[in-house]
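Please have a look at it before I go on.

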Amino acid sequence: MMASRECSRCSALTETNGAFCPNCGAPYGPTDPGVQAGPSGQTNGMAIASLVLAISCCSPLGVVFGHIAKKQIRERGDDGGGLATAGLVLGYLGLAVLAVYLLLIVGLVLFADG
Ligand SMILES: [Zn+2]
């Protein structure tokens, strides 16, 4: 007996006993928990570390941790994307300030005894 099913993706009503929608190919029924990871609901630790490092002493580490956090959040569905972005932005700002500072020092050293 054929079952009438509505596709959750394309909303097409089809008569099929197959596991997939003939219209768009989306799987029917409860989604396999192994296939769809879903958000973990955990705040990513690397994102927190990134922000803390970026606003304290170590801008380069903030940038590095921010990139790691972004990757982990993408892979695991962790929370903390905003934290990671803030850590990255502040980290790069810190790097820029550090670069300007170094350039000033180099400039002073080079032109000081003119
Ligand atoms: Zn469909």
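This is a predicted model: local features need pLDDT of at least 70, side-chain atom pairs count only at pLDDT 80 or more; totals for chains, interfaces and linings use all residues.

α2 has 18 residues and spans 25 Å from its first C-alpha to its last, which is close to the 26 Å expected at 1.5 Å a residue, that expectation being 1.5 Å times one less than the number of residues in the helix. Residues are numbered from 1 along each chain as its sequence is written.

Helices here are DSSP runs of H or I with at least four residues, and strands are runs of E with at least two, both numbered from the N terminus. On that basis the chain has 3 helices and 2 strands, in the order β-β-α-α-α from the N terminus.

Which residues of α2 are buried? They are Ser59, Gly62, Val63, Phe65, Gly66, Ala69, Lys70 and Ile73, where buried means that 20 or more other C-beta atoms, placed from the backbone, lie within 10 Å of a residue's own, exposed means 12 or fewer, and partly exposed is in between. The cover over these buried residues includes α1 and α3, and after α2 comes glycine 77, with a positive phi near 75°.

That brings me to the largest nonpolar core, which has 13 residues; such a core is a set of buried Ala, Val, Leu, Ile, Met, Phe, Trp, Tyr and Cys residues joined through C-beta atoms within 7 Å. Met46, Ala47, Phe65, Ala69 and Ala84 touch the most other members. Two or more residues come from each of α1 (45-55), α2 (59-76) and α3 (81-111), with α1 giving the most, namely 6. Setting aside residues up to four places away in sequence, phenylalanine 65 touches Met46, Ala49, Ser50, Leu53 and Gly87, a contact being two C-beta atoms, placed from the backbone, within 7 Å.

Now to the loops. Tyrosine 28 sits between β2 (13-15) and α1, and tyrosine 28 is partly exposed because 18 other C-beta atoms lie within 10 Å. Beyond its neighbours within four places in sequence, tyrosine 28 contacts Arg5, Ala19, Phe20 and Cys21.

Serine 11, in the loop between β1 (4-6) and β2, has a positive phi of about 65° although it is not a glycine.
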